[in-house]
Amino acid sequence: MQNSANDMTKRMTISVDDDVYEILEKWAEEEVRTVANLAAALVTLAARDKQGKAEKSK
């Protein structure tokens, strides 16, 4: 998830249900990271997975 010197990091705001946030809080605590960092990692993994699947289906 490292960016090269020329890449810009984008910020976004999301809303999740309370129960989902509690799940993310526990997960983040287990991994000794913030909820925001965990969410960013999950979104990055999902987006790259989606892109990979789309490229394979071409």
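Student: Which helix is the place of Tyr21?

Tutor: This is a predicted model, and its secondary structure comes to two helices and zero strands. Of these, the one that holds Tyr21 is helix H1.

Student: Is Tyr21 buried, partly exposed or exposed?

Tutor: Buried means under 20% relative accessible area and exposed means over 50%. Tyr21 has 38% relative accessibility, so the label is partly exposed.

Student: How far apart are the end C-alpha atoms of H1, and what span should its residues give?

Tutor: H1 has 13 residues, and at 1.5 Å a residue they should span 18 Å. That agrees with the model, where the distance between the end C-alpha atoms is 19 Å.

Student: OK, on to H2. How far does this helix reach from its first C-alpha to its last?

Tutor: H2 covers residues 35-56, which is 22 residues. At 1.5 Å a residue, 32 Å is expected, and the model comes close to that. The reach is 32 Å.

Student: Which residues of H2 are buried, and within what arc do they fall?

Tutor: The buried ones are Val35, Leu38, Ala39 and Ala41. Look down the axis of H2: they line one face of the helix, because their arc is within 160°.

Student: What helix is included in the cover over those buried residues, and which exposed residues sit on the face turned away?

Tutor: The cover over the buried residues of H2 includes helix H1 (18-30). On the face turned away from the buried side, the exposed residues are Ala36 and Arg48.

Student: Where does Ala40 lie, and what is its relative accessible area?

Tutor: Ala40 lies in helix H2. Ala40 counts as partly exposed, and its relative accessible area is 34%.

Student: What distance separates the C-alpha atoms of Ala40 and Met12?

Tutor: Along the chain, these two are 28 residues apart. From the C-alpha of Ala40 to that of Met12, the separation is 9.6 Å.

Student: And what share of the protein's residues is buried?

Tutor: The protein has 58 residues. Its accessible surface comes to about 5,600 Å², with 52% belonging to carbon and sulfur atoms. The buried share of the residues is 10%.

Technical notes. Residues numbered from 1 in each chain as written. Predicted model: local features only at pLDDT ≥ 70, side-chain atom pairs only at ≥ 80, totals over all residues. Heavy atoms only, no water. Helix = DSSP H or I, 4+ residues; strand = E, 2+ residues; numbered from the N terminus. Expected span 1.5 Å × (residues − 1). Buried < 20%, exposed > 50% of the residue type's maximum accessible area, 1.4 Å probe, protein only. Arc of directions from axis to C-beta. Contact = heavy atoms within 4.5 Å. Areas by Shrake-Rupley, 256 points an atom, 1.4 Å probe, with all protein chains shown as cover.
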